[in-house]
Structures are given as structure tokens and as C-alpha cells.
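Visitor: I would like to learn how to read helix packing and backbone features from a model. Could you walk me through this one?

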Amino acid sequence: MVAYSAAGPAGPALFGADVGINRAQELTDQGVDGGTAAQAGLVSGTAAAAMMKIPPALGATRVQSAAIGGAVAPVLSVAEVGGIQALLERADYDKIAAQYHPFDPLNLSIAALTGAAFGGVFHQGKAAPRTEPRLTPEQHAAVLTMNE
């Protein structure tokens, strides 16, 4: 994610494509048919792109972006891993599907830490705009008069 963040707005799409292609290739190497592997790659790529985009974009402060990343990343991980597991089971790749555990505590912990770190480091949210008090024309004239 860090390397792709240098690509600017295209970074999440490029990162998602990279992750998705790698997942599809990994499953193809394990003997999964091309269609199922491509679907699993799409699931992984979409989750990766969302993970790169959502936490830094939300939150008015770095702390808020980090908290959002820490919450969103495990949810995306469960969706990704569970989706791949379901795809593989539906295509009768039960032995390969058994390798995917959506609620693995270690995986969820790593996802939460990664999401929090990425959200905090690459925070892009905007703080609420400051609204300075505006002087009415009468108040402005009074200030000028008092200044003289």
C-alpha cells in the first residue's frame, strides 16, 4: 500500500489490481480453474482497493482515520476471506477452501493494526472548515473609527 500511495488517486486501483492478480495466480497455481481464480482475485482486489482508500479518506483527524482503519480493515478482511472461501466451496475446491478462515484472530489482529497504521499515516480527511466571525458593515465601520 505504501508503494502504491505514491501513485496518487490511481494508487488504490493499481494496488487492488496487483493484489487481485496475485490472488488469482496463487489459486491457479494450486489447481483452481481460471474462472473461479479470477472471481477470487476480484474479491481480493476490491477489498484491497477499499482498504487503501477508505481509512485515509475518512476522519477529520489522523487519530480518527487510524480508528476507522482499525475498524474497517478487519471487516474487509472477513468479507474477503469469507467470500473467497464461499467461491472455492461452491466450485468444489473444499480442500483449498479449508485454508481460508474469515475469523482467524491473528489475521484480524494484523488487519486491524495495518488498517490503523495506514489510516493514520496517510490521513487525507479535511478538518471542519474554520468559520471566523464576520463583521457586519456597521461593526467594520465602528472598528475603523475606533482605530483612528
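Guide: Gladly, and please keep in mind that the model is predicted. Let us begin with a pair of helices: helix 3 and helix 4 pack at about 175°, and their axes lie 9 Å apart.

Visitor: Which residues of helix 3 and helix 4 meet?

Guide: From helix 3 the list includes Thr36, Val43, Ala47, Met51 and Ile54, and from helix 4 it includes Ile68, Val72, Leu76, Ile84 and Arg90. Sorted by class, this contact has 16 nonpolar, five polar and two charged residues.

Visitor: What are the angle and the axis distance for helix 3 and helix 6?

Guide: Helix 3, residues 34-57, packs against helix 6, residues 105-121, at an angle of about 55°, and the axes are 8 Å apart. The two helices are therefore oblique to each other, and their crossing is right-handed. On the helix 3 side the contact is made by Met51, Met52, Pro55 and Pro56, and on the helix 6 side by Thr114, Gly115, Phe118 and Gly119. By class, that gives five nonpolar, three polar and no charged residues.

Visitor: How do helix 4 and helix 6 cross, left-handed or right-handed?

Guide: The crossing of helix 4 and helix 6 is right-handed. Their axes come within 6 Å, and the crossing angle is roughly 140°. Among the contact residues are Gly69, Gly70 and Ala73 of helix 4, together with Ala111, Ala112 and Gly115 of helix 6. The class count here is ten nonpolar, eight polar and one charged.

Visitor: Now for single helices. What span should helix 4 have at 1.5 Å a residue?

Guide: With 29 residues, helix 4 should span 42 Å; its end C-alpha atoms are 41 Å apart, so the two values agree.

Visitor: Which residues of helix 2 are buried?

Guide: They are Gly11, Pro12, Phe15, Gly16, Gly20, Arg23, Ala24 and Leu27. What covers them includes helix 1, helix 3, helix 4 and helix 5.

Visitor: What should I look for in the backbone just after a helix?

Guide: Most residues other than glycine have a negative phi. Just after helix 2, Gly31 takes a positive phi of about 100°. Asp92 follows helix 4 and has a positive phi too, near 65°, although Asp92 is not a glycine.

Visitor: Where is Asp92 placed, and is Asp92 buried or exposed?

Guide: Asp92 sits in the loop between helix 4 and helix 5. Exposed means over 50% relative accessible area, and Asp92 has 62%, so Asp92 is exposed.

Visitor: And what about Arg90: buried or exposed?

Guide: Arg90 is found in helix 4. Its relative accessibility is 60%, so Arg90 counts as exposed.

Visitor: How far apart in space are Arg90 and Ala3?

Guide: From C-alpha to C-alpha, Arg90 and Ala3 are 35 Å apart, and in sequence 87 residues separate the two positions.

Conventions. Residues numbered from 1 in each chain as written. Predicted model: local features only at pLDDT ≥ 70, side-chain atom pairs only at ≥ 80, totals over all residues. Heavy atoms only, no water. Axes fitted to C-alpha atoms, helices over the stretch in contact; angles between N-to-C directions. Helix = DSSP H or I, 4+ residues; strand = E, 2+ residues; numbered from the N terminus. Parallel < 35°, antiparallel > 145°, perpendicular 65-115°, else oblique. Left-handed = near helix turned anticlockwise from the far one by under 90°. Contact = heavy atoms within 4.5 Å. Nonpolar A, V, L, I, M, F, W, Y, C, P; charged D, E, K, R; others polar. Buried < 20%, exposed > 50% of the residue type's maximum accessible area, 1.4 Å probe, protein only. Expected span 1.5 Å × (residues − 1).
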